[in-house]
Amino acid sequence: MKQILVADSGSTKTEWWTNGQIYRTRGLNPFFVSPEEIRHVIETELPRGIRPEAVYFYGAGATPEKALDLSDTLSAVYKGAEIHVWSDMLGAARALCGDTPGIACILGTGANSCLYDGKDMTANVSPLGYIIGDEGSGAVLGKLFVGALLKNQFPKGLKEEFLYRYGTTPAEIMDCIYRRPLPNRYLASFSPFIASHLGVREIREMVREAFRLFIVRNVKQYPEHVSLPVHFAGSVSKHYEEVLSEACEAEHITLGRILATPIESLVAYHDK
């Protein structure tokens, strides 16, 4: 059997599978990480001695032009290997749907969706990023949460609990968002706190509305949403599964599979 290396890379982390083992490195989105940094991560954060015959890399930010740079970087590290680079969206679709048509979505640090015909993506609504799009993503949930928190929109005591938990101040939060690199990851890092406070009515309503907007602005642009199941991959979709189900029901969407991570299903896809 051909020795393969399969990678699923988001903006926050990358999962790699080879020889039955899963390894994790930081995210390798080429819009945020240079080719030199990507090579450094691969060479220092993955075990030495991996010698795949083929590399199947699915990554956030792997647009056609960026995919060429990623392919060159992977070729330089894994000399002689067959290199394939695709978007993380196609990876999610293949993991969630296999060779069956469906609508596949990602809700992680960022958000995305596509219409899948059982082999390839046939339509994709641009996610637009966390500032003007990415509804329902970890970054947007963090942005909505912090904005409401600092404007005192939650029950008394929640702001103090949050600031104590993260050892931070309003001034430091503003500095991290507006002055430091990768504010999308920073905002998404608050997702565990949000998820652990879904019993607070205002927070639950905020999350449900973010998911509903994702469905309205993305999923419902595919006419096939009335007949096809809608599947989700990503940590946010898994950790907020109950609220996501509520949003799908409210928008009359047939909820399909939910995967925290697509890596093992992608391995099964390529093994097949």
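This is a predicted model: local features need pLDDT of at least 70, side-chain atom pairs count only at pLDDT 80 or more; totals for chains, interfaces and linings use all residues.
Leu128 is found in the loop between strand E8 (121-123) and helix H4 (129-132); helices (H or I, at least four residues) and strands (E, at least two) are DSSP runs, numbered from the N terminus. Residues are numbered from 1 along each chain as its sequence is written, and side-chain values use heavy atoms, with hydrogens and water left out.

To continue with Leu128, its phi is positive, about 75 degrees, although the residue is not a glycine. Leu128 counts as exposed because its relative accessibility is 52%; here buried means under 20% relative accessible area, exposed over 50%, and partly exposed in between (1.4 Å probe, protein chains only). Together with Ile131 and Ile132, Leu128 makes a nonpolar surface patch of about 350 Å². Such patches take residues with over 30% relative accessible area and no salt bridge, and join nonpolar side chains (Val, Leu, Ile, Met, Phe, Trp, Tyr) within 5 Å and like charges within 9 Å. The areas come from the Shrake-Rupley method with a 1.4 Å probe.

Asn19 sits in the loop between strand E2 (13-18) and strand E3 (21-26), and is exposed at a relative accessible area of 56%.

I turn now to charged pairs. How many salt bridges does a search of the whole structure find? The search finds 16, a salt bridge being a side-chain nitrogen of Lys or Arg within 4 Å of a carboxyl oxygen of Asp or Glu.

Arg165 and Glu161 form one of them, at 3.7 Å, N to O. These two residues are separated by about one helical turn, because they are four residues apart in helix H6 (residues 158-166). Arg165 is partly exposed at 47%, as is Glu161 at 33%.

Glu246 and Arg204 meet at 2.7 Å, N to O. This pair links distant parts of the chain, with Glu246 in helix H12 (residues 241-250) and Arg204 in helix H10 (residues 201-217), 42 residues apart. Glu246 is partly exposed at 25%, whereas Arg204 is buried at 19%. Both belong to a network of salt bridges that links Arg204, Arg208, Glu242 and Glu246.

Finally, Glu251 and Arg212 meet in a salt bridge at 3.1 Å, N to O. Glu251 lies in the loop between H12 and strand E10 (255-259) and Arg212 in helix H10, so the pair ties together parts 39 residues apart in sequence.
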